[in-house]
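Hello,

Here is the structure I said I would pass on. My notes on it follow below.

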Amino acid sequence: MPIDAPDGASSVRQEALHRVVTTKKATSVERGSRTRSTRAAASAPARPRHRGHSLAPEHIGEAGSAAVLALAVLGLALFIAGIAMLVFGLTTASRFGSNAPPNVGQLGFGQVLGGIGIGALGVGLVGAALAVLADVRGSRRAAAVLSALAAVLSAIGVLRVMTEGTGDPVLGASLAVATIVFGAAAVILARPPG
């Protein structure tokens with residue numbers, strides 16, 4: 001309700017003055033509530049945030065990303081070894097020259113098959129690692145199965161290398177390391193993420 005001032009000021013001026021006073025009161029009340037909420041937020045215990053490595057995707061985790069990296073690197077190495085084995089098996093007859101034995105065609109056949117198998121396993125491991133990175137459904141289980149298969153084949157390779165002839169300690173040690181890495185990757189990827 002407007003009140004006329006004694007000196008003849010208009011009621012509009014007094015309403016404006018009334019609005020200013022009301023606004024200041026609302027602002028001071030607002031400040032008090034902000035201060036209380038700020039104090040409450042500062043006194044509340046901070047929730048720990050899961051902080052992964054900057055290069056590790058959140059859906060894989062740090063251990064999973066290390067396993068995926070190992071699968072990708074060893075898979076690429078297997079693919080290269082498979083190609084080398086395939087070429088070695090295909091060129092077996094040319095190494096004998098004119099003194100080739102009658103079964104020269106069969107000598108490189110095992111190496112050709114082994115090279116194809118190892119190359120395919122390497123491609124599968126690299127593909128599984130990329131699928132896990134892309135978060136394809138069921139890719140962790142597939143990568144774990146392929147890694148376990150590679151671990152078993154590496155262990156068989158260690159036994160074959162060390163029991164036949166004089167054995168090659170460097171190749172045996174390399175296959176033993178590959179067995180451990182593939183086995184660890186299979187265990188890590190078989191666990192649910194988190």
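**Notes on the model**

Starting at the N terminus, the elements of the protein run α-α-α-α-α-α-α. That gives seven helices and zero strands. Please keep in mind that this is a predicted model.

Of the 194 residues in the protein, 23% are buried. Taking contacts between residues at least 6 apart in sequence, 62% join residues at least 24 apart.

The helix pair I looked at is α5 (residues 109–133) and α6 (residues 139–163). Their axes lie 9 Å apart, and the packing angle is about 150°. Angles over 145 degrees count as roughly antiparallel, and α5 and α6 are therefore roughly antiparallel to each other. The crossing of α5 past α6 is left-handed.

On the α5 side, the residues in contact are L121, G124, L125, A128, A131 and V132. They meet S139, R140, A143, L146, S147, L149, A150 and L153 in α6. By class, this contact of α5 with α6 has 10 nonpolar, three polar and one charged residues.

The salt bridge count comes to one. Side chains of opposite charge can pair when their charged atoms come close. Here the partners are R160 and E164, with 2.6 Å between the closest N and O atoms. E164, at 45% relative accessibility, counts as partly exposed.

Regards

Notes: Residues are numbered from 1 along each chain as its sequence is written. This is a predicted model: local features need pLDDT of at least 70, side-chain atom pairs count only at pLDDT 80 or more; totals for chains, interfaces and linings use all residues. Side-chain values use heavy atoms; hydrogens and water are left out. Axes are lines fitted to C-alpha atoms, for helices over the stretch in contact, and angles run from 0 to 180 degrees between N-to-C directions. Helices (H or I, at least four residues) and strands (E, at least two) are DSSP runs, numbered from the N terminus. Angles under 35 degrees count as roughly parallel, over 145 as roughly antiparallel, 65 to 115 as roughly perpendicular and the rest as oblique. A crossing is left-handed if the near helix is turned anticlockwise from the far one by less than a right angle, and right-handed if clockwise. Contact means heavy atoms within 4.5 Å. Ala, Val, Leu, Ile, Met, Phe, Trp, Tyr, Cys and Pro count as nonpolar, Asp, Glu, Lys and Arg as charged, and the others, Gly among them, as polar. A salt bridge is a side-chain nitrogen of Lys or Arg within 4 Å of a carboxyl oxygen of Asp or Glu. Buried means under 20% relative accessible area, exposed over 50%, partly exposed in between (1.4 Å probe, protein chains only).
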